[in-house]
Amino acid sequence: MVFPFQVDLTNCDREPIHIPGCIQTHGVILALQEPDLTILQVSNNTIAFFGLHPEELINQPLSILLEPEQIEFLNDCLKQEDIQIVNPIEININISQACNFFDAIIHRQNKLLVLELEPQISDKNNIYFRFYYLVKLAVGKLQSAKFVTEVSQIIAQEVRRITGFDRVMVYKFDQNWNGIVIAEDKQECLPSYLDLHYPASDIPKQARELYRQNWLRIIPDVNYQPIAIVPTINPLTKKPLDLSKSVLRSVSPIHIEYMHNMGVKASMSISLFKNNQLWGLIACHHQTPKYIPYEIRNACEFLGQVTSLELVTKEDNEDSEAKIQTKSTLVKLVEYMSVEKNFIDGLIHKQPNLLHLVHAHGATICLNNELYLIGNTPEEQDIQKLLVWINKNVEKDIFYTDSLSKIYPESEKYKSIASGLIVISISKHQNKYVLWFRPEVIQTVNWGGNPNKPVEVSKNGSLRLSPRKSFELWKEVVRLTSLPWKAYEINAALELRSAIISMVVRKADELAKLNVELERSNKELDAFAYIASHDLKEPLRGIHNYSNFLIEDYGEIVDEEGKNKLRTLIRLTKRMEDLIDSLLHFSRLGRTDMSMQQTDLNAVVHRILDLLSARIEETGVKIRIPKPLPIVYCDRIQIGEVFSNLITNAIKYNDKAEKWVEIGYIENSEPLTFYIRDNGIGMREKHLEVIFRIFKRLHSPSKYGGGTGAGLTIAKKIVERHEGQIWVESTYGEGSTFYFTLQKQNEV
């Protein structure tokens, strides 16, 4: 076998095992060009089987070997939609008397027809009747089994009964492609490999791919001398012949070395599939060379297919009680979510809760930039870092691992909490996830020999990684791993994801409807407030005027007490007029368009201070502006009103001998945060939430210069129309600081 590079365990995962350029010795291979069936390539052993040199066959029609009726029969077979179903075809070649009858196996590969011939060595009729009953018996046993372990043990016993191999094992892959022997039938004198683990490097990726393409692989004699294919390059494809589907394909030198180390002289592997994915292998070993006729191999392949079908139902029977409980938990969680105002409460505050769904020890829901924790979880800052990693590295709807530190080393510090992780993505763009955690569980794994690649020193001093030579029990203590997540738990997490997404969409629809209704109500309310307040002014003005007329015209008739009552009536109508004006102004804010532009706030504030200069001088208040204010994108008039209301209040509500008001902003804040700070009377904490209500005053109308109590409400509405926020911090008796946010520049 000739490879473009020296093969050892450092590069065996790149070994081109599908194009070895040779075959095993128990048959002949021919590469044919259709439709004339011209021979383009043959194996270099045709003289032993046909008495003809390869040169005598190349570029000749297949009819050089077959009679016309056989050619006609072969062409009929090639018309089948799936030509695999016709295999094997019985062929009689009359050129050589050494061996006339062959089993012909055909398949197409890269525009070529590949024909493989194996000599018949036994009576087909006897084989058929013998193995028909054995296969029928085996199928009955498989169907009566309840669990995967039972199915595996039955198939190991039945394949060994049919084939006569010294040892037959069922080998199951895990999620990382490591394998474990879950069933075994063997000669009593042989050591047991049951429950032993084997690393993924024993069957590298490209070998697994060939197992996926072919149900069966046979090596009758590990000590065979490879037979080259001539010519090496196919004249039609300009490439070596692809033997991916070939039953005669030569064996990797690394695998041959591996078999020698195991003391195995012959082997056969039958692929097992579940849901079209490679699930495992039925591995057969023999201590001496052993050829299995095609009919027996066909029976074993059939049993492998039956077993694969049984795996789907049998694995569903495993942990049936736990699966029922998980399904029940999922139903209850969906029900809880649907009745709670906040669906998250239904996941974490009920019994059963989020943890019970996948038997986790801790969980986190990340929604709207908030973390909701339940059970034993990492610290919030560690979860936030983990979420950043997840957002960058996880693309699928679900991700799970039982050894998080292998892919995210920073998690090792909280291994006792989160060695295992499941993540479902609700919205990657909006950073919405649900995470489950499982703690580290220190385990002992029984390997079939040391899984680490041994280093050999050759005679010239070079180093080489070779297949291990020992397959005895080798124990390894495994850390930084949790109990593995089971398939039904993964499926439950995915179903919960769908339920949460449905819930979020439903809530979003409800919110959208509420927003539309609220917007309509607000417009109607603004219109009502404007009309009502506008219409109220006329009768109010009449009351005010007639009260003045009464005092002026009937002052001599009305006594002093009556005059005082009329003066009170005039004062009250004036206050009511001020309230109506404030209400009119407030309603107009929601109905007028804003004139947005880049605005220098220094000019805005100085204009406000000029207007307030008389009051500033009268009260003796000192105005501080620590640094120039920035330019922002806003409505200049409305933001000027915000500053005016806040500065006026800061001056008004101050009883100190030395008064001051500071106007500034917080640098590097996003969005920009402005503040108006004073050393005035301050407010008690219980009043901080209510001061932005319209007409809400904390003092009597006459105290601190009066006022309607609408200024802060108007300021709040203006700031919110600018997509900002406003709030206050205050210490009673010491002063208050009002904050509000604005965008620095136009983001459109």
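Leu550 counts as partly exposed because its relative accessibility is 38% (partly exposed lies between buried, under 20% relative accessible area, and exposed, over 50%, with a 1.4 Å probe and protein chains only). The model is predicted: local features need pLDDT of at least 70, side-chain atom pairs count only at pLDDT 80 or more, and totals for chains, interfaces and linings use all residues. Residues are numbered from 1 along each chain as its sequence is written, and side-chain values use heavy atoms, with hydrogens and water left out.

**Surface patch**

- Leu550 belongs to helix α15 (residues 487-554); helices (H or I, at least four residues) and strands (E, at least two) are DSSP runs, numbered from the N terminus.
- Together with Tyr554 and Ile557, Leu550 forms a nonpolar surface patch with about 320 Å² of accessible area.
- Patch members have over 30% relative accessible area and no salt bridge, with nonpolar side chains (Val, Leu, Ile, Met, Phe, Trp, Tyr) joined within 5 Å and like charges within 9 Å; accessible areas come from the Shrake-Rupley method with a 1.4 Å probe, and for residues only the protein chains shown count as cover.

**Salt bridges**

- The structure holds 22 salt bridges, a salt bridge being a side-chain nitrogen of Lys or Arg within 4 Å of a carboxyl oxygen of Asp or Glu.
- One of them joins Arg297 and Glu118 at 2.8 Å, N to O. Arg297 is in helix α8 (residues 294-317) and Glu118 in strand β6, so this pair ties together parts 179 residues apart in sequence. Both Arg297 and Glu118 are buried.
- Glu340 and Lys350 form another, with the closest N and O atoms 3.3 Å apart. Glu340 sits in the loop between α9 (320-339) and α10, and Lys350 in the loop between α10 and α11, so the pair ties together parts ten residues apart in sequence. Glu340 is partly exposed at 21% relative accessible area, and Lys350 is partly exposed at 30%.
- Glu662 and Arg624 meet at 3.8 Å, N to O. The pair links strand β26 (residues 660-666), which holds Glu662, with strand β24 (residues 622-624), which holds Arg624, 38 residues apart. Glu662 is buried at 14% relative accessible area, whereas Arg624 is partly exposed at 38%.
- Lys141, Glu158 and Arg161 are linked in a salt-bridge network.

**Backbone**

- The Asn87 to Pro88 peptide bond is cis, with omega near -5°; Pro88 is in the loop between α3 (68-78) and β4 (89-92).
- Lys111 has a positive phi, near 70°, and is not a glycine. Lys111 is exposed at 78% relative accessibility.
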